[in-house]
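Colleague: I have a few questions about this model. Can you put it on the screen first?

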Amino acid sequence: MKIPTKYFGELEIDRSRAIFFPQGIPGFNEEKEFILLDLPDNPVFHVLQSVGRQSLAFIVTNPYQFRKDYEFELDQSILGALEIEKQQDVAIFSILSLKDPFEQSTMNLQAPIVINLKNQRGKQYITNHKSYSTREPLAAAASSKKED
């Protein structure tokens, strides 16, 4: 299936790789189907592209690449909603807010994207974890990772 994308023009995607968000993503509740696209030559960042809306795409990253100490518990409601059975079936991503210069970019650690890789279901999970920010500086997170 071909879809128009925000960053890559029209792309052929494998429909079976689409991730279904039953409630959408907060602020975009009507958009329920996304595809995770790799950025060429960049294994750290990805694009979470809406299948139905070209202009809706988020740059995401695995937050553990920047914060080894990042942790939160998934409650029973999300485990049930996404049909999560094993931790190995879960991928976690943080949405980035890109800034110029790039070093001022931030990531949202308070509301990660949780994806069950086994059934391709996802949800943005609001943790309300007080020690995490919706605008965690990437530079600070990267420097704290180096100190480990």
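Colleague: Start with the strands. What is the bridge partner of Ala 91 in β9?
Modeller: The bridge partner of Ala 91 is Ile 115, which belongs to β9. Strands here are DSSP runs of E with at least two residues, helices are runs of H or I with at least four, and both are numbered from the N terminus.

Colleague: Before we go on, what sort of model is this?
Modeller: This is a predicted model, where local features need pLDDT of at least 70, side-chain atom pairs count only at pLDDT 80 or more, and totals for chains, interfaces and linings use all residues. Residues are numbered from 1 along each chain as its sequence is written, and side-chain values use heavy atoms, with hydrogens and water left out.

Colleague: Back to β9. In what sense does β9 pair with β7, and over how many bridges?
Modeller: Strand β7, residues 90-97, pairs with β9 in the antiparallel sense over 4 bridges. Two strands count as paired if DSSP finds at least two bridges between them. Another residue of that pairing is Ile 92, which stands opposite Val 114 in β9.

Colleague: What else pairs with β9?
Modeller: Strand β10, residues 121-124, pairs with β9, again antiparallel and over 4 bridges. There Asn 116 stands opposite Arg 121 in β10. The hairpin of β9 and β10 has 4 residues between the strands, and Gln 120 takes a positive phi near 60 degrees.

Colleague: Are the faces of β9 covered or open?
Modeller: Both faces of β9, residues 113-116, are covered. Ile 113 and Ile 115 on one side are buried, and so are Val 114 and Asn 116 on the other. Buried means under 20% relative accessible area, exposed means over 50%, and partly exposed is in between, with a 1.4 Å probe and protein chains only.

Colleague: And how many residues of β7 are buried?
Modeller: In β7, 7 of the 8 residues are buried, so the strand is largely enclosed by the rest of the structure.

Colleague: Which other strands pair with β7?
Modeller: β6 pairs with β7 in the antiparallel sense over 2 bridges, with Thr 61 opposite Ser 94 in β7. Strand β8, residues 106-107, also pairs with β7 in the antiparallel sense over 2 bridges. In β8, Met 107 is the bridge partner of Leu 96.

Colleague: New topic, salt bridges. How many are there in the whole structure?
Modeller: The search finds 5 salt bridges. A salt bridge is a side-chain nitrogen of Lys or Arg within 4 Å of a carboxyl oxygen of Asp or Glu.

Colleague: Which residue meets Arg 53 in a salt bridge?
Modeller: Arg 53 meets Glu 30, at 2.9 Å from N to O. Arg 53 lies in the loop between β5 (42-50) and β6 (57-61) and Glu 30 in the loop between β3 and β4, so the pair ties together parts that are 23 residues apart in sequence. Arg 53 is partly exposed at 30% relative accessibility, whereas Glu 30 is exposed at 52%.

Colleague: What about Lys 118 and Glu 85, how far apart are N and O?
Modeller: Their side chains meet in a salt bridge at 3.6 Å, N to O. This pair links distant parts of the chain, 33 residues apart: Lys 118 is in the loop between β9 and β10, and Glu 85 is in the loop between α1 (76-81) and β7. Lys 118 is exposed at 56% relative accessibility, and Glu 85 is exposed at 65%.

Colleague: Where is Phe 28?
Modeller: Phe 28 lies in the loop between β3 (19-20) and β4 (33-39). Phe 28 is partly exposed, with a relative accessible area of 23%. Leaving out residues up to four places away in sequence, Phe 28 touches Arg 53, Leu 56 and Phe 58, where contact means heavy atoms within 4.5 Å.
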